Amino acid sequence: MNQVDSENTNRHGREEPLTGHELRDIKDAADLYQSGSFKLQIDALLPNVRPKESGRQQLDHFLFALRAHCISIPSIAPLSPLAAMKVLAKQGVAVPSVFPLPAPDVKWKVAFEPPREICVVGSWGNGIAVKKQIGSRFSVDLSMEMPEALFQEKDYLDGRFFHKKSYYLAILAQSISTAFDVDTFYSSALGDPRLTTLVLRSRNGSASYDFSKSHTEVHVIPVLSSSSPLSPSRLFPSHSNVRVPSSSSPPNFPTPIYNNTILLSTCAKEALMSTHELKNALPAFHDAYTLLRVWANQRGYGDGELCVRGFERKGSFWAGLLRYLSLGDELVGTKSGIAKLRKPLGKGLSSYQLFKAALDFLAKHKFGETPVFTKTTNGHRCPPEEYITHHPAIFVDATSTINFLSDVPLTSLDLLSHDAKETLEQLSNPGASSDTFADCFLKSRFKISSRFDAVIRVNLSQASRNQSTSTVIEHGSSDAALLASISSLLRRGLGNRTQAIAILQPVTPYRPMSSAESPSTSIIHIGLIYDPAHAFRLVDHGPSAEDQDSNVAKEFRYLWGSRAELRRFKDGRITESVVWEVTTSDERAHIPVSIVRHLLQLHFGLSAKYARTLQTPFDNILQLPDDVRRLHRATGGCKAALIAFDGVVRSLKALDEQLPLALLNVSPISEYLRYTSTFAPLPIPASISAELPESLRFLPTIPIILEFEKSSKWPDDLKAIQKIKLAFFETIAQSLMSSNPGLKASIATGGSSNPFQGYAALEIFTAEGWSFSAFIWHDREATLLDRIIDPGKMFVSPSDQKYNAQEQREAKVAQELYTRRFIHAPRHHRAIVNLCHKYSAYSGTVRLVKRWLAAHWLLQTHVSEEAIEIICALPFVGGKQTSTESAAAVPHSKERGFSLVLEFLTDWDWKEPLCLTLYEDDPSATAPEMWTSNGPDAIAVHRLRAFAREASKALRNAETELDIKSLFLHSTDDYDIVIQLNPTVLPRYHQNINAESSVWTRDAHLGITESTPRPGFDPLPLFLADLQSTYADTLKFFADSFGGDRIGAIWLPSLGAPRPFRALAGFSSKPLAKEDKAKDKDLVMLNRQAVLDEIGRLGTGLVQKIIVHEPM
């Protein structure tokens, strides 16, 4: 054994102590990463997002051949720009057009000479390339230095440089496409023709230059040499380098973006060397940069399905950010004075620490207020004041040449800050997510419905492009100028109503060499992330009446148009104001979107049909039809129900002198009193009950719990306790009716035969038409039930009183009901009420999810409403009790909350417990199984996940109201049996997602003579309960609890095969057919037809027909 083997053996055998590096790794995993698995996941991620060695040799072979070819391209004599374009057009190659096009009589000319130097630059040149998205290619940036002889001193004027650069690129495209068997395209980042590059891709089946195994594409970028005649001083932000002969443009207007774009062509090699030095000086730079790019790419700050406006091909920004953090910044003045210097980070930081430092900077820095100047070695080339004056956002690189953010709108930077804040919250609270690593680095955030509180899909094809010529030249294209104007106006108009505004657009597609212009941007998505403290205010205040002639007042009136008006307020102020009139809470939730639509209509001529949002269709899903509300003629809603509840409590409290025990507390346990009922509850006064058709007569019953003072006079027998409760109810009923005219109270007894179970309730029907069902809580019942279930807990000898097995089973059932109703239901109610008050969007989220689950026949029949209320809390509390509504990840609209719940259900591992700390009063008393003990089972969960997966896809592609309604439409094709019910006898039919108004017309309820409301009566769940208990071993049933008129059922697979006959088999059976008897005389099979006949007889008067989707 050699020495090396001996050392390895000692290390693995732990005979030597751990090194300092190993000890640090262990400590980092425990302290820094807060999870050992998180560090291992990062270590596994890094090599999988970097280029592989396979295929590099073929790529290098192509690059060397490409270099040899390009430096040998023959020179082309100077030509006028238009003549040069015509020559290339004849060869099928277009010169990328830059606005404004050159005039026919220009004196300057374009020419071509071979590049002086060809270098691999960018991330590939430094070996830090990162995969963008799954299936995308790595970019290999190849800079080709254009000889200085092609340029003149004043080529910075009027786009002359860009025209010469475009011609140079077109000559390269024509020559390369002829000489090499590769696919060639033009690519213009951000749709800006001034940033056009030539893209080379390996062609399938190419015999000579096949570098497809490297998963790369080559971007050819013409650049200026350091000795070019263009003076950098003429490209400072304040300089005006475009002369526009138009009266619509101001004279000598600064062109900071135009100037910065020229400077981008001068720094490729310098940026390469700077990043290389940083990579060598900072050991953790490479890994930190990789993590940062992966994080950014998953959120649209790069290439992908949708790109955040301004961040397309902005890879240099991320390296510049890490360089700034490691070097520190320059001391410069800001708009608010002298900024504090930021201390550089230590070079010994780990990659994860450096990554978190970058996120911390992005989360806290206000780019619109404080400029960033990376520390330089030789001082500033350009006075910092010029950047501060002419750029809204400033991040100047170490060369003091480039402003990375010159063409990035402040709205995109606000979104970047918000995303960084959200990620930091996740990393600081690992328990907030089931998989923090996946949320940070793996999950794509292109599902905009779950990322933004509101999404507006805008069609720009009809937008009025009234930007001045100078503005179009400054931004490079009409589309870029339009989007910059939209971004600026929306940010001004929404103000502090939003934490972030995102303008998302598809990445500019590659185009063939024969196309001179990039395709126009026709569709964008505007995403809003609300600030809940300000988003829904009704008034926007402007300047006071005394400042009517000021520029501020003029700008206010220009921004809002006819909506701006002088108003006097209660405090005596008279100001310019914009008032948003609303009548319902749903309309108030639409105010931010209404502002966006108003501004788009006013300034860009885009009517509502060109700016679509999906909020209104979701509102309609939760509302009853208009004619139903008119027929009820009553004011409903959770607030009205709470007022009625308070009235009942006062009436009950007033009866203390008439009752043997004082009433201590009345606890609500109903969804109607905690804002989570799918539909707003409607009362039915006795005066209008007879006028309503049967399909509109559903009156919800609101359960409440009565708690009396403790007394030793209660009997110590469960059956006697139930009798005492009946006596209490009788006394309360008589006293209530005598003291409250119009109120009716009666005792309702259930159909349970369980002697230990509370089978009675006091039904209270108020004069306003509300119905309450009261239960009495006596804590001694729990002790007595425990003694029956476990005789060892008795104080008396077990032989004195024995309970048989049947009684013990009944006691367990009674104990479960007691615990659910009297212990957990009040606690759950308090927790949900707190969530509704704490998070404005929680209530609407629960209502939408319940509606969706019911529409797919799972709510109540398989998933309890309490379980759904807990699941819907996940996006808000995220596994931690301390979250607030201001947290970055908390949704502020019901639509976003609904989308997040769907995403969770899609990947829900139902075998793993879902633990949320909701019960603040007693966290240790939670019972995870309490609301899921009766379901869902494996079949229901699999169906639930399948529905959620399809709904999430549909929501992602939804564009119209019909698309949203389709989320709630349920197919019956996969059911073996569909039982069609008579809708005219279903009191909740009006809540059906596809309710037909003809059912509740006048003719539909002729002959109804009963005028007394029937609180809580709904034949569907009663009939369904009978079916489930009768055919528990035969069929599994599904139904919509909100007005469903069909019941679906599937045969249990275990009954498919014949089995031996036995008594009490649990299902209707029949002998096998005669031809099979000789072989299997004692076998029977399920008698499906008999089961269907029994169901039909059981549902006489309710069942219209039974549809069978499977042969009998």
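**Exercise 1. Lys132**

Task: Find which residues Lys132 touches, beyond those up to four places away in sequence, and decide whether Lys132 is buried or exposed.

Solution. 
- Start with the contacts. Lys132 touches Arg137, Ser139, Asn297, Asp303 and Arg313 once residues up to four places away in sequence are set aside. The model used here and below is predicted.
- Lys132 sits in the loop between α6 (122-125) and β4 (138-146).
- Read the accessibility. The relative accessible area of Lys132 is 14%. Buried means under 20%, so Lys132 is buried.
- Look at the side chain. The side chains of Lys132 and Ser139 are joined by a polar contact of 2.6 Å.

**Exercise 2. The whole chain**

Task: State how many helices and strands the protein has, and what share of its residues counts as buried.

Solution. 
- Count the elements. The protein has 36 helices and 31 strands.
- Take the burial. Of its 1112 residues, 52% count as buried.
- Take the extent. Along the principal axes, the C-alpha atoms fill a box of roughly 110 × 95 × 65 Å.
- Check the contact range. Among contacts with a separation of 6 or more, 74% come from residues 24 or more positions apart.
- Consult the record. An unreviewed UniProt entry places "domain: Nrap protein" at residues 140-279, 284-443, 450-604, 632-837, 839-920 and 973-1106.
- Examine one of these segments. Residues 450-604 are 35% helix and 25% strand, with end C-alpha atoms 28 Å apart.

**Exercise 3. The nonpolar cores**

Task: In the largest nonpolar core, identify the residues that touch the most other members.

Solution. 
- Begin with the core itself. It holds 140 residues. Leu706, Tyr842, Trp852, Phe898, Phe968 and Ile1047 touch the most other members.
- Find the main contributor. Helix α28 (residues 805-838) gives the most to this core, with nine residues.
- Separate the other core. Apart from the largest one lies another core, of 120 residues, among them Leu46, Tyr156, Phe180 and Ala288.
- In soluble globular proteins, nonpolar side chains tend to be buried together.
- Return to Tyr842. Beyond its neighbours within four places in sequence, Tyr842 contacts Thr676, Ile832, Leu835, Cys836, Glu869, Cys872, Ala873 and Phe876.

**Exercise 4. Helix α35**

Solution. 
- List the buried residues. In α35 these are Pro1019, Leu1020, Phe1023, Leu1024 and Leu1027.
- Recall the geometry. An α-helix has 3.6 residues a turn, so residues three or four places apart point the same way.
- Name the cover. It includes β25 (977-981), β26 (1035-1039), β27 (1046-1051), α36 (1088-1098) and β31 (1103-1108).

**Exercise 5. Helix α8**

Task: State how many residues of helix α8 (residues 256-263) are buried, and what covers them.

Solution. 
- Count. Eight of the eight residues of α8 are buried.
- Name them. They are Pro256, Ile257, Tyr258, Asn259, Asn260, Thr261, Ile262 and Leu263.
- Find the cover. It includes α7, α13 (384-390) and α17 (469-475).

**Exercise 6. Backbone exceptions**

Task: Locate Asp158, Tyr675 and Pro100, and describe the backbone at each.

Solution. 
- Most residues other than glycine have a negative phi, and most peptide bonds are trans.
- Asp158 has a positive phi of about 50°. It lies in the loop between β4 and α7 (160-179). Asp158 is partly exposed, at 21%.
- Tyr675 has a positive phi near 70°. Its loop runs between β20 (663-668) and α25 (686-689). Tyr675 is partly exposed, at 23% relative accessibility.
- Pro100 lies in the loop between α5 (81-90) and β2 (110-112).

Definitions and conventions
Residues are numbered from 1 along each chain as its sequence is written. This is a predicted model: local features need pLDDT of at least 70, side-chain atom pairs count only at pLDDT 80 or more; totals for chains, interfaces and linings use all residues. Side-chain values use heavy atoms; hydrogens and water are left out. Buried means under 20% relative accessible area, exposed over 50%, partly exposed in between (1.4 Å probe, protein chains only). Helices (H or I, at least four residues) and strands (E, at least two) are DSSP runs, numbered from the N terminus. Contact means heavy atoms within 4.5 Å. UniProt positions are given in the numbering used here, feature names are shortened, and annotations may be inferred rather than shown by experiment. A nonpolar core is a set of buried Ala, Val, Leu, Ile, Met, Phe, Trp, Tyr and Cys residues joined through side-chain atoms within 4.5 Å. A polar contact is a pair of N or O atoms within 3.5 Å; within protein, one must be able to donate a hydrogen and the other to accept it, and residues adjacent in sequence count only if both atoms are side-chain atoms.
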